[in-house]
Amino acid sequence: MTEKTTYITTPIYYVNAQPHLGHAYTTVVADTYSRFCRLCGDEVRFQTGTDEHGDKIVEAAAKEHVEPRQYVDNISAMFRDTWPLLNIDYDRFIRTTDEDHIAVVQQILQHVYDAGDIYFDEYSGLYCTGCERFLIERELVDGKCPDHLVAPKEITEQNYFFRMSKYQQQLIDHIRNNPDFITPERYRNEVLSFLSEPLDDLCISRPTSRLDWGIRLPFDENYVTYVWFDALINYLTGIGYPDGENYPRYWAGAEHLIAKDILKPHAIYWPTMLMAAGVPVYKKLHVHGYWNVDETKMSKSLGNVIRPAGLVEEYGVDTFRYFSLREMSFGLDASFSRDAIIARKNADLANDLGNLFSRSVSMIEKYCDSRIPEPAEEETDAELRLASASMLEGYSRNMADFKFHLGLQAVWEFVSEANRYIVRNEPWALVKDTSKKKRLGSVLYNLAESLRLLALVLKPVMPETAEKMIWGLGIDADSEMMKTLEHGGSWGKSVVGTRLNKSENLFPRTEVKKKSNSEKKPQNKKKDKRQQEEPGGDHINFNQFENVELLVARVVEAKKLKKSDRLLKLSLEAPEPRTIVSGIAESYRPEELVGKNVIIVANLKPVKLMGIASEGMVLTAEAEDEQGGKRVNLLTVPGEVKPGTRVA
Ligand code: MSP
């Protein structure tokens, strides 16, 4: 196998805001990809960091009444403190205030200046402080910057300009000749369409009279470098450009990961800067969409900014990592909601993967004295092996192409197949028949092997969970077969006789909180899909049942409704108070209901009945009374059961 080198980078984040869901997503993607490339046997380097110059930072520091230096130190540290919480394993955290970076920026500026691609000129233009750049007329909407919704200021200034226009055709040719240079394709097309108009030169300086917080131009001390010209160069500094040993090793494998907001600087400024500096253009640019929150833009003013530390505390690091990679189709926008993350956790992680693991492991413990049994060659297991091969193929191809949601879909198809394999083979029946001992050995070996393969492919996505699985299976995490897909990614590597370790539940379920009328229920979407995936006639599968939240509720008060003979208004405790209007007035007097423990469907969409919001449904069974009439019997729970207990 030829060893490939990969150098994956995230944007360096501005330190004018604390880390949030958007930063977390990009960084988790880069971390997952870097771990995936290692699993493929590549030599990998992964870099992230902070962008610390420019007027945005000066403004933010002034607001806090601190010097820029102190301000950037504080916020940059917040980013560095956040990444370990998400299990981000980077090789370098670069800051644009680092000494080596300042030196590299000045060196490149001098080189491009000496080559004649930087010139001095007077410029009048419309400057937007939010964008930190001059805008052109056609970018404005109603005279305002479309991103910051303020009219830019007319400024006349003498400045230095980079001859970006000179490289326009070379860039177009490069993009046309390298179809994978910018992906997904929609962003490649967007860049080509922008390049179909003449490209302006780029103003790359700011007079120190206006902005002092930046890297001095090496050829004119009255100016500092425009923040983008400074920031993009971090990708070179971080690998020791020009003389460090990592530069020749990694630069040819450079892959930048960004969101759509910073496409233009990365797809246009950066490659043309590299061309002018005589450095080969980076290998690939991967562009993803934006996370919204509950279908709304995430913003400080709306108070809906999601912080990574909170997410990890609430749902666990691996649930967040899995959710973000599975839920967003790379390249498109996605919406974050608590319901969506809980639904994914309960269905995909607790039910599908968690149950597969705990059922399989506990059967090996019970039936085989905790040791991986000997398999016998059996025709009937071809399906499971084929499913594992198809998972490995789909997973590897899609992860390499930044189609993480499809890679994970391929893994979960295999998880479902392994769960079906248990149901088909009924190990609990095989164990009762001594003539089936060999068969039982095969079935349980195959399950252990399926789990081993799953742990292997899940390592990049959910490193902690994979580690727990590997430990539970009694495998040495440093063994060759758990290091790379090449060594471990084929069927039959589990070693007969390996002793399992006692392992914990992988994913405890998260209870779904009571929903209001306006909240969406993504579970339904998922349920429909599952029904299509598994045509099962009138049967529902376990996940569908689990989506119905049945709770014990205590009746605190019951009242007849004036305008109805049939309806009673029940005030319940489950354990939060809730109201349900139920059609049981003809069968029960209100006073006999108080204190009863009934069973309710807690996650039904609320409806209005006789003007009262009814939040759920009480379970009943209809029966005939002595007179041949209908009587509704409430299902009640005897004994001391706490209100809010889940009925399973
Ligand atoms: N400092 C520049 C980047 C310089 S790179 C040489 C910058 N910083 S930023 O703090 O604004 O980060 C922008 C990046 O953060 C996006 O490209 C994306 O990676 C991430 N995200 C910020 N908000 C996001 C969402 N709402 N959704 C997804 N990712 C987003 O631009």
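Predicted model: local features only at pLDDT ≥ 70, side-chain atom pairs only at ≥ 80, totals over all residues.
I looked up the strand order and found three strands in an open sheet, running β9-β11-β10 with antiparallel pairing. I then checked the edges. β9 (205–207) and β10 (216–217) each have a single partner strand, so one side of each lacks a neighbour in the sheet. I followed β9 to its partner: β9 pairs with β11 (residues 220–225) through three bridges, in the antiparallel sense. Within this sheet I noted Ser205 opposite Thr225 of β11.

I took helix α17 (residues 437–458) and helix α18 (residues 463–472) next. Their axes come within 8 Å and cross at roughly 155°. Angles over 145 degrees count as roughly antiparallel, and α17 and α18 are therefore roughly antiparallel to each other. I recorded the crossing of α17 and α18 as left-handed. On the α17 side I listed Leu451, Leu454, Ala455 and Leu458, which meet Pro463, Ala466, Met469 and Ile470 of α18. By class I have eight nonpolar residues in this contact, with no polar and no charged ones.

I turned to helix α14 (residues 382–400), whose axis comes within 11 Å of that of α17 and crosses it at roughly 5°. That angle makes α14 roughly parallel to α17. From α14 I noted Leu384, Ser388, Met391, Leu392 and Tyr395 in the contact, and from α17 Asn446, Ser450, Leu453, Leu454 and Val457. I sorted the residues of the contact of α14 with α17 into seven nonpolar, three polar and no charged. Leu454 of α17 is in my list for α18 and also in my list for α14.

Conventions
Residues numbered from 1 in each chain as written. Heavy atoms only, no water. Pairing = 2+ DSSP bridges. Helix = DSSP H or I, 4+ residues; strand = E, 2+ residues; numbered from the N terminus. Axes fitted to C-alpha atoms, helices over the stretch in contact; angles between N-to-C directions. Parallel < 35°, antiparallel > 145°, perpendicular 65-115°, else oblique. Left-handed = near helix turned anticlockwise from the far one by under 90°. Contact = heavy atoms within 4.5 Å. Nonpolar A, V, L, I, M, F, W, Y, C, P; charged D, E, K, R; others polar.
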